[in-house]
Amino acid sequence: MEKLTAIIPVFNEAHHIEAAIQSVLFADEILIVDSFSTDETLSIAKKFPVKILQREYEYSASQKNWAIPQATHNWIFILDADERVTPQLQEEIQKILSNPPHDLVGYWVYRNNHFIDKKIKYSGWQNDKVIRLFKKNFCRYKDQHVHAEISTNGKLDYLQHTLQHFSFSSIQQFTAKLNKYAVWQAKDYDAHTGTLTPYHFMGKPVWRFIKHYVIQQGFRDGVPGLTISYLQAYAVFMRYVNLWILRNSKKN
């Protein structure tokens, strides 16, 4: 059987870290990549057989690309602290590693997303998937600040079982993350966005709301679906506000 390294990037994840580690204890190595947490994250993590690495946080893709070469083993599973590997997913991963296909370098896994303790079935999150199980030497994250996905040198397949994702426990947490991402996205969008117009500040946010709430059936998730749709529209608006701020700062 091929051996597996699980990588868990963290910063102040005391609320999540124990359950996250417990869900990947089947891995042969667990790397906790910490951005100098100031809560109890590390003291909790040290109760388990883990290796702790520390590095100042720049952005997610940079942190994970730094961590990947630190892994001892050829196969890697990336786990965010608010995610959990289910027993069914664990069994599937172990079955793959017992006889890994030679023509594949990684696997997509679908996520079941939970928002304020409610499982979200629609709202644009129903087809959420990420590449998390992959070969170390064939995969790296694209160098972008927000929503970077892995770029692979080889073929991918899909895992049959899902990853549980407990994304946000409060509106405040969700809004804070969206505001932070809006600042980073402004940097990503600067190079390929033309002159900012009312379309960017009004048309695009309105379309994002319609997409999540109507087309992707956010209305079927009740108040959480309405909240997600509204805040996703807000995030688009703030992206272009921050891009406007960025461009104006360059002129001064």
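User: Which residues do ring pairs link into a cluster?

Analyst: Rings of Phe, Tyr and Trp (its six-membered ring) pair if their centres lie within 6.5 Å; planes under 30 degrees apart count as stacked, over 60 as edge-to-face and the rest as tilted. Here, ring pairs join Tyr 57, Tyr 181 and Trp 184 into a cluster. By this rule the count comes to twelve aromatic pairs. The model is predicted: local features need pLDDT of at least 70, side-chain atom pairs count only at pLDDT 80 or more, and totals for chains, interfaces and linings use all residues. Residues are numbered from 1 along each chain as its sequence is written, and side-chain values use heavy atoms, with hydrogens and water left out.

User: How are the planes of Tyr 213 and Phe 219 set?

Analyst: Their planes stand at 70° and the ring centres are 6.2 Å apart, so the pair is edge-to-face.

User: Where does the charged end of Lys 129 sit?

Analyst: A charge sits over a ring if NZ of Lys or CZ of Arg is within 6 Å of the ring centre and within 35 degrees of the ring normal. The charged end of Lys 129 sits over the ring of Trp 108, 5.0 Å from its centre.
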